[in-house]
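This report is meant for someone who meets the structure for the first time. Please keep the sequence and the model in view while reading.

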Amino acid sequence: MTTAGPMLETLTEPLRERLVTALCTAETGAACPGGDVCERRHARLLRPLRAAADGDVAVARVDGALAGFVRLERSTDAGHALVEVTGQVFPPWRHRGAGSRLIDWSLDRAAAGAGGTVEVLVDVVDDHEPLGPVLVTRGFAPVSAFTELTRPLRPPLLPAGVPTALVTALTEADHDAVGQLYTEIFAGDPHAGRGRAAIAAALAHPGLRPGASRVARSAGGELLAYLLTVTWPGDPADLWIETIGLRPAARGLDLVRRMIADITRRPPADAATISIGVPHRRDEAAITGYEELGFTVSGGWERYSLLLF
């Protein structure tokens with residue numbers, strides 16, 4: 001029987017191991033046996049926790065039991081500070097106040113030491129809709145909604161027509177060119193700072209899959225397009241397309257199809273699907289385009305934003 005409200009504390013090394021065990025149990029639906037059976041899974045779940053800045057992960061406890069956690073991911077570019085909040089409340093402890101406490105801690109932590117305006121983003125997936133009203137009471141507003149589309153990596157997608165660019169896996173040497181292409185694509189856009197911060201965060205993402213990300217270059221070596229994939233701890237068999245960029249002059253060259261096709265021809269051994277989120281309020285044509293590539297709607301989420309001054 002619960003006798004006290006949720007208690008929050010910053011993640012420490014002993015708590016980190018307990019949290020990873022709880023995440024392993026939540027992912028598999030069975031008690032974590034530990035040992036060699038879970039070694040690879042634990043390493044994957046640990047990666048984003050270790051990547052967070054000191055003090056940017058908190059856990060909630062109810063009567064001593066771990067009830068959930070929250071993690072802040074920070075990025076700054078062109079004077080725009082961005083904090084993305086991710087986390088989870090474990091099923092036995094939902095609707096008992098742990099989520100609200102974690103959100104409040106996140107806002108206090110995001111504002112601490114910001115030195116100016118910071119934008120806080122929280123994504124609410126369809127099956128966690130009760131979180132939306134909680135965010136609104138804290139001053140958040142819904143800013144966009146996304147449709148999630150997923151495709152099996154096998155059988156491979158076949159490219160069409162004559163090759164128009166050289167498609168290769170992403171390497172660290174491509175990072176600066178990817179950032180520069182983003183800047184060129186959105187030159188003059190007043191919101192480019194937010195996106196530039198997001199592209200920097202994507203390239204530094206602890207789950208970035210360089211071998212399953214692609215760049216496309218012209219015969220002369222000019223970067224025409226990029227497609228970055230990551231793996232999220234909660235869905236390790238899915239390649240998530242975090243961002244795509246296309247040089248305006250290359251938008252008629254079917255490069256997105258070619259980059260996805262190249263990934264499906266040489267997929268990572270541990271991946272089974274590839275997914276993407278499309279803003280569905282304005283991109284119905286994009287959704288149709290991905291459906292023509294074999295993607296199907298698999299879910300959705302709404303993004304909430306709050307500016308802290």
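This is a predicted model: local features need pLDDT of at least 70, side-chain atom pairs count only at pLDDT 80 or more; totals for chains, interfaces and linings use all residues.

Residues are numbered from 1 along each chain as its sequence is written, and side-chain values use heavy atoms, with hydrogens and water left out.

## The whole chain

The secondary structure comes to eight helices and 12 strands; these are DSSP runs numbered from the N terminus, with helices (H or I) of at least four residues and strands (E) of at least two. The chain has a radius of gyration of 20 Å, which agrees with the value near 19 Å that a compact globule of 309 residues would have; the radius is taken over C-alpha atoms, and the globule rule is 2.2 Å times the number of residues to the power 0.38. Along the principal axes, the C-alpha atoms fill a box of roughly 65 × 45 × 35 Å.

Of the 309 residues, 43% count as buried, where buried means under 20% relative accessible area, exposed means over 50%, and partly exposed lies in between, with a 1.4 Å probe and protein chains only. The chain exposes about 15100 Å², of which carbon and sulfur atoms supply 55%; these areas come from the Shrake-Rupley method with a 1.4 Å probe. Among the contacts in the chain with a separation of 6 or more, 72% are accounted for by residues 24 or more positions apart, a contact being heavy atoms within 4.5 Å.

## Aromatic rings

A pair of aromatic rings is described by the distance of the centres and the angle of the planes. Rings of Phe, Tyr and Trp (its six-membered ring) pair if their centres lie within 6.5 Å, and planes under 30 degrees apart count as stacked, over 60 as edge-to-face and the rest as tilted. By this rule the count comes to three aromatic pairs. The rings of Tyr290 and Phe295 have centres 5.5 Å apart and planes at 75°, so this pair is edge-to-face, and both Tyr290 and Phe295 are buried. One aromatic cluster is formed by Phe146, Trp240 and Trp301.

## Backbone and single residues

Most residues other than glycine have a negative phi, and most peptide bonds are trans. Arg154 and Pro155, however, are joined by a cis peptide bond with omega of about 0°, and Pro155 lies in the loop between strand S6 (141-152) and strand S7 (166-169).

Where does Ala197 have its place? Ala197 is in helix H6 (residues 192-203) and is buried, with a relative accessible area of 0%. Ala197 and Ser100 are 97 residues apart in sequence and 27 Å apart in space, C-alpha to C-alpha.

Phe309 lies in the segment after strand S12 (296-308) and counts as exposed at 81% relative accessibility. Between Phe309 and Phe295 there are 14 residues of separation in sequence and 40 Å in space, C-alpha to C-alpha.
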